[in-house]
Amino acid sequence: MVSGKNYIGNQLSAKGTTTYQTFNPKLNINNQYVFTEATSEEIDEAVQLAHQAFKEFRNVPGEKRAEFLNAIADEIMALDNELIEVYMSESGLPEGRAKGERGRTVFQLQSFAALVKDENWRENTIDLPNYERAPIPKPDLRKTLIPLGSTVVFGASNFPLAYSTAGGDTASALAAGCPVIVKSHPMHAGTGELIASAIVKAAEKTGMPNGVFSNLNSSGIEVGEQLVKHPQVKAVGFTGSIRGGRALMDLAAKRSEPIPVFAEMGSINPVIITSNAIANRGESIADTYAKSINLGTGQFCTNPGLLLTIDGAETNTFIQDLAQKTTAIDPQCMLHPNIKSNYTRLGSEVSSQNGLEVISKYEAAVEENFAPSQVSTVSGKDFLSNPKMHQEVFGPFSVVVRCKDEAELIEIIDGLEGQLTGTILAEKEDYNNLSNIIDSLQNRVGRIIFNGVPTGVEVCESMTHGGPYPASSDSRFTAVGIGSIRRWVRPFSYQDFPKELLPQSLQ
Ligand code: NAP
């Protein structure tokens, strides 16, 4: 049952007077629940509780933390249809997607539970002493990983479950031993509160300290800003726009004690299609990419926003095919009117740039909050000279760049901002000529997909979901998969410690 209140540790609380509602984009009406924004006092209470909880939680054995994470997964499943219905009403996304995302969220929690059940994830190392060494004796040194402290998590609008309240950031931070305070996303506050109730229940059932988790409502940026500035907060996880992520990075850097912000942000995910691939299977590529551009109304951080081709005999036919197949897909609902108005505004801005030609535009009238897809084309020269065309237009929007040769293609890749993914569509006869493209792309992205689509991020140990700035704030880490736990820990060394005082895993 959604109450509209904040969770300050295990207690519901609504001391404030600022209220807001979420919105059903399909029905174009407000949802019934009224949410009360957290006050400054409640924010401070949540952080102080987390600070106290950290003293105990950091030493909770891995096995018990695993129990907690598994219990969260169970409590999420126990929310059953209520969760699915609130999710759908707040996002306009269909039931299949809601259930799929719930499955992914539960799987992530269970994966971290399996990881921290024993202490192997801490990458412990031991250097034995040599006290007889001359002239300086060698000490006994033992290194492990320890949690950073209270962590604030901001989720994105486009993943109300998997990248939000109990999403990858929260699951990995709790697994590491860091209490979490979630700044709830205003567009899916009801989904967020239900998930928060599951986390609180799991914390109580498994005996976790009060304050290990809080969920704060907010309808603007102030709650998030106060959290990032709070001296007892030691790390931030963010998934969202480049503008939002950068604002939080700057805020964290200006603190008297700067803290890390692990921000996963926007991306246009370049796709390189060789002339041979177009000649051999252009129609099938056009079909696959029309679907990928439109998947989830284009509201994925891995949406293919940029297709790079080298002009060849079949390029025109391929572009016409792509235009026709994209227009054949009916527009779908966007998550929220704000996202739709940003899509329209940024799409028009990019479309009005010199040299850009819109080749597929859905002309029929579309329902309110629904987004018509758009594919445009531009020469490599015009694209290179105009960075406005390089920005993310969040939605079913893609630009096909026609390069005159490989040198121009490489120049474009080298000039792109950091990206989450890059994709290469190529034939066997291209393999001997791909090394320059792969090298350039590797320098700009976190993951290269070969003969596939960038949409779809597998949750597993070998996944890298991140990339050079601004795809993420720190390209050394992944936000997806069990490796993402490394964001919330720091290395720590014990020197010449008596065995009895060492953690068991280092004895
Ligand atoms: P968003 O507008 O940046 O919002 C994300 C969260 O950050 C919201 O809670 C928002 O609060 C808060 N926020 C934004 N600017 C802030 C500021 N200056 N100070 C404090 N808080 C701030 O992003 P979104 O529209 O929800 O999500 C879509 C974006 O996320 C797209 O760009 C997409 O590519 C990206 N994304 C990236 C990944 C990834 O893994 N890299 C995954 C999914 C989505 P308010 O709403 O209250 O302002």
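Student: How many bridges join strand β19 to β20, and in which sense do the two run, parallel or antiparallel?

Tutor: In this predicted model, β19, which spans residues 374-379, is joined to β20 by 6 bridges, and the two strands run parallel. One of the pairs in this arrangement is Gln374 with its bridge partner Phe397 in β20.

Student: Which residue in β20 is the bridge partner of Thr309?

Tutor: The partner of Thr309 is Arg402. As for the strands, β15 (residues 306-310) pairs with β20 over 5 bridges, in the parallel sense.

Student: Moving to β11, which residues lie on each of its faces, and are they buried or exposed?

Tutor: Strand β11 (residues 213-216) has Phe213 and Asn215 on one side, with Ser214 and Leu216 on the other. All four names belong to buried residues, and both faces of the strand are covered.

Student: What pairs with β11?

Tutor: Strand β10, residues 180-183, pairs with β11 in the parallel sense, over 4 bridges. Within that pairing, Val182 has Asn215 of β11 as its bridge partner.

Student: Now the ligand. Where does it lie relative to the domains, and why?

Tutor: The ligand lies between domain 1 (18-265 + 472-506) and domain 2 (270-450), because both domains give residues to the shell around it.

Student: Which residues come nearest to the ligand?

Tutor: The shell holds 27 residues, and those that come nearest are Ser157, His185, Ser241, Glu392 and His465.

Student: How far is the polar side-chain atom of His185 from an oxygen atom of the ligand? And what about the backbone of Gly220 and of Met265?

Tutor: For His185, the distance from a polar side-chain atom to a ligand oxygen is 2.7 Å. A polar backbone atom of Gly220 is 3.1 Å from an oxygen atom of the ligand. With Met265, a backbone N or O atom lies 2.9 Å from a ligand nitrogen.

Student: How much of the ligand does the protein bury?

Tutor: The protein buries 88% of the 910 Å² that the ligand exposes when taken alone.

Student: Which element gives the largest share of the shell?

Tutor: Helix α8 does, with 3 residues. Both β12 (235-239) and α8 (242-254) supply at least two shell residues each.

Student: And the make-up of the shell by class, what is it?

Tutor: The shell around the ligand comprises 12 nonpolar, 12 polar and 3 charged residues.

Technical notes. Residues are numbered from 1 along each chain as its sequence is written. This is a predicted model: local features need pLDDT of at least 70, side-chain atom pairs count only at pLDDT 80 or more; totals for chains, interfaces and linings use all residues. Side-chain values use heavy atoms; hydrogens and water are left out. A residue is near a molecule or strand if one of its heavy atoms lies within 4 Å of it. A polar contact is a pair of N or O atoms within 3.5 Å; within protein, one must be able to donate a hydrogen and the other to accept it, and residues adjacent in sequence count only if both atoms are side-chain atoms. Accessible areas come from the Shrake-Rupley method with a 1.4 Å probe; for residues, only the protein chains shown count as cover. Ala, Val, Leu, Ile, Met, Phe, Trp, Tyr, Cys and Pro count as nonpolar, Asp, Glu, Lys and Arg as charged, and the others, Gly among them, as polar. Domain bounds come from an automatic or database domain assignment. Two strands pair if DSSP finds at least two bridges between them. Buried means under 20% relative accessible area, exposed over 50%, partly exposed in between (1.4 Å probe, protein chains only).
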